[in-house]
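Please read them with the coordinates open.

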Protein chains: 2
Amino acid sequence: MTLDLVPYRKAIEKELCDLLAGPGQEGAAPILPLYAMMRYHMGWLDADLNPVEADGGKRLRPILCLLACEAVGGHWHMALPAAASIELIHNFSLIHDDIEDHSETRRHRRTVWALWGVPQAINTGDTMWTLARLALHRLSDRGCSPTTLLHVVRQLDQACLELCTGQYLDLWFETQESVSLEAYEQMIHGKTAALLSASLAVGAILGGAEQRVVNRYAAFGRELGLTFQIVDDILGIWGDPAVTGKSAASDILTKKKTLPVLYAFHWEAERGYDDLARIYTQPSLSPDDIPSILALLGRCGAHEYTREQARTHYRRAENHLRAIGIDHPAQDALRELGHSLVERTF
Amino acid sequence: MTLDLVPYRKAIEKELCDLLAGPGQEGAAPILPLYAMMRYHMGWLDADLNPVEADGGKRLRPILCLLACEAVGGHWHMALPAAASIELIHNFSLIHDDIEDHSETRRHRRTVWALWGVPQAINTGDTMWTLARLALHRLSDRGCSPTTLLHVVRQLDQACLELCTGQYLDLWFETQESVSLEAYEQMIHGKTAALLSASLAVGAILGGAEQRVVNRYAAFGRELGLTFQIVDDILGIWGDPAVTGKSAASDILTKKKTLPVLYAFHWEAERGYDDLARIYTQPSLSPDDIPSILALLGRCGAHEYTREQARTHYRRAENHLRAIGIDHPAQDALRELGHSLVERTF
């Protein structure tokens, strides 16, 4: 990496700790467990609420935000409240997603709802989201003008709407027999690309970039997000369990409607086949079904198709970054970070 | 009523309809059911998503917001996006509360989660909250300056944090044997008073009031909210079923920790009694327990104590409103609205 990212990570963690410290005033004692549940989710407390250093995620989005701010000539310290806000938005959505997907573990730890029940987990997510909003007002104290702050607020509100829309589609897909490739792209755009895109746009806005440049960073983030999600789909079927930390072909066993499977469905439908559809109509799949499913995915070239889709989006991402025409170590770091997200497959 | 509130209600409803219409652009079809679930909750669609005119609530908060704006000399039309935003915040919290409290009906209709499941209901609430935020940006189009808009945004973000905190306490109380009267007041402050207070403050801000006046409206709203909740606690035990629409002593049967019961617990504890506590340790209460519980509440004067608390808060509310010193039909309407909320009991 061209740039040492450790100072950025440390500053992000400090800002997040600050935001989730809880109210200091008298009489706050009864509500401190609410803040403790959030700190647990972030990886700073264990289930008994003792300090711990657990995996709380890569903090990818806030780093992208700070790097974009710096690349366009801004001071990244100034953008920290926005970077932390974005990370809290991402984590609020994970807390709610875990309830909605009935996931009992995340990053090898029990999820908030699994530990403290669905009602408190919903409210803990809501609280984290509110703190994400309140964090943005700190930008004023760091010299951000009201107009710029409102621009940032609007950008993130819009990204949140896309996040919710993507989640709606994802939940809806579970009840649908078939899903169009367009609806799939709309879903991953909302669930993954929108907030990545906003992270970069917000960084560029706070760094003082003109709208043309902000749009390019937003487009870079969007294409990177799409690439990232499609690579994840590939790894969910063909990934090495030793690397992904998931069981082999995990997305097949859960009948997840990811791009390779959706492509195969459409390929078969166009040709009047229904081999895959017939297997998928079983109430549940077993490991014994995997070889024949992999063979059917092989017949239509689903692996190659999906890899090509990921490559296309990644090429577009690189082009947007190049078109900005900035020569700066932070810009190099953005390119390298982008590459590190996809090198898992090609 | 001094003022005809119908034009206000109509304008609020129109603004809300606009905000929940859903995206008009091409390709939006797959996500329209997400907007339909929100419109169902607002009382505009039935469970089959056909148009209907059901009870969607009194729209109390947005009306308070518009009246405060007008009373201080502003044009209430200008504050409509904020009024609608506040109503959406209130309704997002109801959608989530219904999941958290496992309530299958609200206003005689099935709740969103009861109809479409918990995962979609969580996300529908999240989406409504996001639309509430996006609504505020419309204030710019109506001539609101960036600084004033940020003031409004901050006021509502702060109210949302108190809402979440209050909900945390409410859920936590369910697991506690006893709750202090201070914690109870903190809970109803968050759950009821904070957003009512913000509704009035935001109206006054948008009407151009100076900070001293804004603070008075906020205090009026807070005291009114506390009064309202305490009156609700009285009705939950001694209310006439024909008027409240709930079964007699419904809050007793559900062992709800409302003010009269908490007061009786503390009255007994101070005197070394445990008659009420012993009845409440039963896993569940039956209608046969009600007469003895009512007798114990009578022994310590819980009804009188609670009514006196409500009166105290209501007197404070009136004093704040009077101290503003404005003579305007909208101000009279605020006083009358406040009175109509409490006249159910005194």
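1. On terms: a residue is called buried under 20% relative accessible area, exposed over 50%, and partly exposed in between, with a 1.4 Å probe and protein chains only. The model is predicted, so local features need pLDDT of at least 70 and side-chain atom pairs count only at pLDDT 80 or more, while totals for chains, interfaces and linings use all residues. Residues are numbered from 1 along each chain as its sequence is written, chains are lettered from A and ligands numbered from 1 in the order in which they are written, and side-chain values use heavy atoms, with hydrogens and water left out.

2. How are the two chains related? A rotation of 180° with 0.0 Å of shift along its axis places chain B on chain A, with an RMSD of 0.0 Å. That is the relation of a two-fold axis. In chain B, the residue that comes closest to the rotation axis is Pro146(B), with its C-alpha at 2.8 Å.

3. The interface takes 41 residues from chain B and 41 residues from chain A, contact meaning heavy atoms within 4.5 Å. Both copies use the same surface: 100% of the contact residues of chain B recur in chain A. About 4,100 Å² is buried between the chains, and carbon and sulfur atoms give 66% of this area. Buried area here is the accessible area (1.4 Å probe) that two parts lose on being put together, summed over both. Arg133(B), His137(B) and Tyr168(B) supply 17% of the area that chain B buries against chain A, more than any other three residues.

4. Two salt bridges are found across the interface of chain B and chain A. The rule asks for a side-chain nitrogen of Lys or Arg within 4 Å of a carboxyl oxygen of Asp or Glu. Asp157(B) forms a salt bridge with Arg133(A), with the closest N and O atoms 2.7 Å apart.

5. Thr127(B) is buried, at 0% relative accessible area. Leaving out residues up to four places away in sequence, Thr127(B) touches Leu161(A) and Cys164(A) as well as Leu34(B) and Met38(B).

6. Over all chains the count is 36 salt bridges. One joins Lys191(A) to Asp170(A), with the closest N and O atoms 3.1 Å apart. The pair links distant parts of the chain, 21 residues apart: Lys191(A) is in helix H9 (residues 181–206) and Asp170(A) in helix H8 (residues 146–173) of chain A. Lys191(A) is partly exposed at 24%, whereas Asp170(A) is buried at 19%.

7. Two salt bridges within chain B may be compared. Asp98(B) pairs with Arg106(B) at 2.8 Å between the closest N and O atoms; Asp98(B) is buried at 4% and Arg106(B) partly exposed at 26%. Arg278(B) pairs with Asp275(B) at 3.9 Å, and both lie in helix H14 (residues 275–280) of chain B, three residues apart, about one turn of the helix. In chain A, a network of salt bridges links Glu268(A), Asp274(A), Asp275(A), Arg278(A) and Arg299(A).

8. The count of aromatic pairs over all chains is 15. Rings of Phe, Tyr and Trp (its six-membered ring) pair if their centres lie within 6.5 Å; planes under 30 degrees apart count as stacked, over 60 as edge-to-face and the rest as tilted. Trp267(A) and Tyr273(A) form a tilted pair, 5.8 Å centre to centre with 55° between the planes. Trp267(A) is buried at 15%, and Tyr273(A) is partly exposed at 39%. Tyr263(B) and Tyr305(B) are stacked, because their ring centres are 3.9 Å apart and their planes at 10°. Ring pairs also link Phe92(A), Trp129(A), Phe92(B) and Trp129(B) into a cluster.

9. Leu49(B) has a positive phi near 70° and lies in the loop between helices H2 (32–41) and H3 (60–71) of chain B. Lys255(B) has a positive phi of about 55° and lies in the loop between helix H12 (250–253) and H13 of chain B.

Key. Copies are superposed by least squares on the C-alpha atoms of residues with pLDDT of at least 70 in both. Helices (H or I, at least four residues) and strands (E, at least two) are DSSP runs, numbered from the N terminus.
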